[in-house]
2 protein chains.
Amino acid sequence: MWETVGGSQPVLQRTRMKKKTADRPAKERILDAAEQLFAQRGFYGVSLRDITQAAGVDVALVSYHFGGKRELFTAVFERRAEVLNRERLELLEDVRRRALPGLPSLEAIANAFFEPLLERSARGGPGWKSYFALVAYVNNSPEFGPMMMTRHFDPLVERFIAVLCEALPGCPPREVYWGYQFLTGALTLTFAETGRLDKLSGGLCRSSDLDSVRERLAPYVAAGFRALCERALAVRPKPVRAAARGSRRRR
Amino acid sequence: MWETVGGSQPVLQRTRMKKKTADRPAKERILDAAEQLFAQRGFYGVSLRDITQAAGVDVALVSYHFGGKRELFTAVFERRAEVLNRERLELLEDVRRRALPGLPSLEAIANAFFEPLLERSARGGPGWKSYFALVAYVNNSPEFGPMMMTRHFDPLVERFIAVLCEALPGCPPREVYWGYQFLTGALTLTFAETGRLDKLSGGLCRSSDLDSVRERLAPYVAAGFRALCERALAVRPKPVRAAARGSRRRR
DNA sequence: GAATATATTCAACAACCGTTGAAACCGTCA
DNA sequence: TGACGGTTTCAACGGTTGTTGAATATATTC
């Protein structure tokens, strides 16, 4: 029950198991094992034999079901991105609608951005925790980051940035992009739960304490966005744009 | 000139080159090549043959000079950490001293934390850029992060957190640790310069535009820290601690 | 039940992995 | 010159890598 990503597949679709212990399809068993191992040691740190052994299936099944190791990697990455981002988008539009005719607060927008992550990380099962660690790996990777994050998260991110721009009237979009850059770095590292914070703080903070994250992340990034916006408006107060181009020249 | 990490070794120490094109010692050539490749594809994504081929030396030299692949990895990580953190620490104490008898601003503290990174990234040569990408990789890795970041960065970080606590009177240290967690995620991702921001913003922002980072990172995280502090003080206004333990029970 | 499509197993491939030990090269000092 | 310690080269080791094709097993359809 835990480990279905969509939550809508029929349960008990087979009356009897086919070969192995669990009657879970081999394809998903591979995805689950790959997810956990890729999250832990990255793309190159895991062999197909590690994965298929953990999944209890034959090595050749990877080529058969996915085509190759790289395709398996992207399949793992895609699997949860879709269901996750659909929920985030719905939540965002909810927040926007609920604030009408006014504008939603930055905190509410930020919450819509990571509340689904908090929920899945807390109650979605271990697969989701692995997935978030994997996203942190990909997001920080020069090799996979630009390509994979762009392909699977950009539609959502673009929408969030648009709503953030709305909620920060007069703020140059460039500031919002930078704010998002800082946000996504903090977000992915935090949800990766590497355990470093626990060690650093001597047990005072626990990475796995998601309520602590829930209470703090939104105020933190919302204040950051406001600071960026204010700074930009203070530096060049009126972005009058094209009309006055060049008029600042001395006389 | 670029690629010396300490900046104090004698130049032109050999009158004639010993074997290869550059008279740079083989040990450092290996470190340089390893740094670039590890940063790009992680620990497992690079073979010793990749590294030694890029360095123009024999494979066996890695075992001879470092002992093994893992030891090479930590040697790469250690090399620049020391010189970097010494400078950051000096800058921090400068900031603190200069503010006496008052307290330094959060912005000034934050600046001391990443101004050395900005300087090295802008004018330290390509090796430093690779190094920061490597730090992002390590920081987000469940396998290497807790161990390696703790060993090589924690003394510095502890000091920064102490100064931040000073600068935020009455703020529970737990908030500062969380603030640092968010900060380090934003920091490492930003300095990794994966190029994702460039792609996402359609060229509006450039990851390599370090002046943009310099202007924005400090206001962002400083505002975040203040927000965390205010939130904590609003939730439980007076942390009276041990004296009143249990006295809140209903009469 | 035969035929067909899908899924899984097995064995093997060439290529590459990290590591090692012996041999060769180097400049230096006795 | 000769011996020596510090480097470098070379070749090879056993083990692992991703991938493949043929053979087998299972499920579905006629």
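A residue counts as buried if 20 or more other C-beta atoms lie within 10 Å of its own. With that in hand, here are some questions about this predicted model.

Q: What share of chain A counts as buried?
A: By that cut-off, 45% of the 251 residues of chain A are buried.

Q: What makes up chain A, helices or strands?
A: Chain A has ten helices and zero strands. Read from the N terminus, its elements go α-α-α-α-α-α-α-α-α-α. As for its contacts with a separation of 6 or more, 66% join residues 24 or more positions apart.

Q: Why is Phe66(B) called buried?
A: The cut-off is 20 or more C-beta neighbours within 10 Å. Phe66(B) has 20 such neighbours, so it counts as buried.

Q: Where does Phe66(B) sit, and which residues does it contact beyond its neighbours within four places in sequence?
A: Phe66(B) belongs to helix 3 of chain B. Setting those sequence neighbours aside, its contacts are Glu71(B), Leu72(B) and Ala75(B). Its C-alpha atom is also 9.9 Å from that of Leu31(B), a residue 35 positions away along the chain.

Q: How do you know that the length of helix 1 of chain B agrees with its number of residues?
A: Helix 1 of chain B covers residues 26-41, which is 16 residues, and at 1.5 Å a residue it should span 22 Å. The expected span uses one less than the number of residues. The end C-alpha atoms are 22 Å apart, so the two values agree.

Q: Which residues of helix 1 of chain B are buried, and what do they pack against?
A: The buried residues include Ile30(B), Leu31(B), Leu37(B) and Phe38(B), and also Arg29(B), Asp32(B) and Glu35(B). The buried residues of this helix pack against helix 2, helix 3, helix 4 and helix 6 of chain B.

Q: Which residues meet between helix 5 and helix 6 of chain B?
A: From helix 5 of chain B come Leu117(B), Arg120(B) and Ser121(B), which meet Trp128(B), Lys129(B) and Phe132(B) of helix 6. By class, this contact has three nonpolar, one polar and two charged residues.

Q: How many residues of chain B are in contact with chain A?
A: There are 53 residues of chain B in contact with 54 of chain A. Helix 8 of chain B gives the largest share of the chain B side, 14 residues. That side has 25 nonpolar, 19 polar and nine charged residues.

Q: Which residues are closest to DNA strand C?
A: Of the 17 residues surrounding DNA strand C, the closest are Ala26(A), Ala60(A), Ser47(B), Ala60(B) and Gly68(B). Helix 3 of chain A and helix 2 and helix 3 of chain B each supply at least two residues of this surface. The surface divides into nine nonpolar, three polar and five charged residues.

Q: Which residues come nearest to DNA strand D?
A: Among the 18 residues around DNA strand D, Ser47(A), Gly68(A), Ala26(B), Asp58(B) and Ala60(B) come nearest. Two or more residues come from each of helix 2 and helix 3 of chain A and helix 3 of chain B.

Technical notes:
Residues numbered from 1 in each chain as written. Chains lettered and ligands numbered in written order. Predicted model: local features only at pLDDT ≥ 70, side-chain atom pairs only at ≥ 80, totals over all residues. Buried ≥ 20, exposed ≤ 12 C-beta atoms within 10 Å, placed from the backbone. Contact = placed C-beta atoms within 7 Å. Near = placed C-beta within 6 Å. Nonpolar A, V, L, I, M, F, W, Y, C, P; charged D, E, K, R; others polar.
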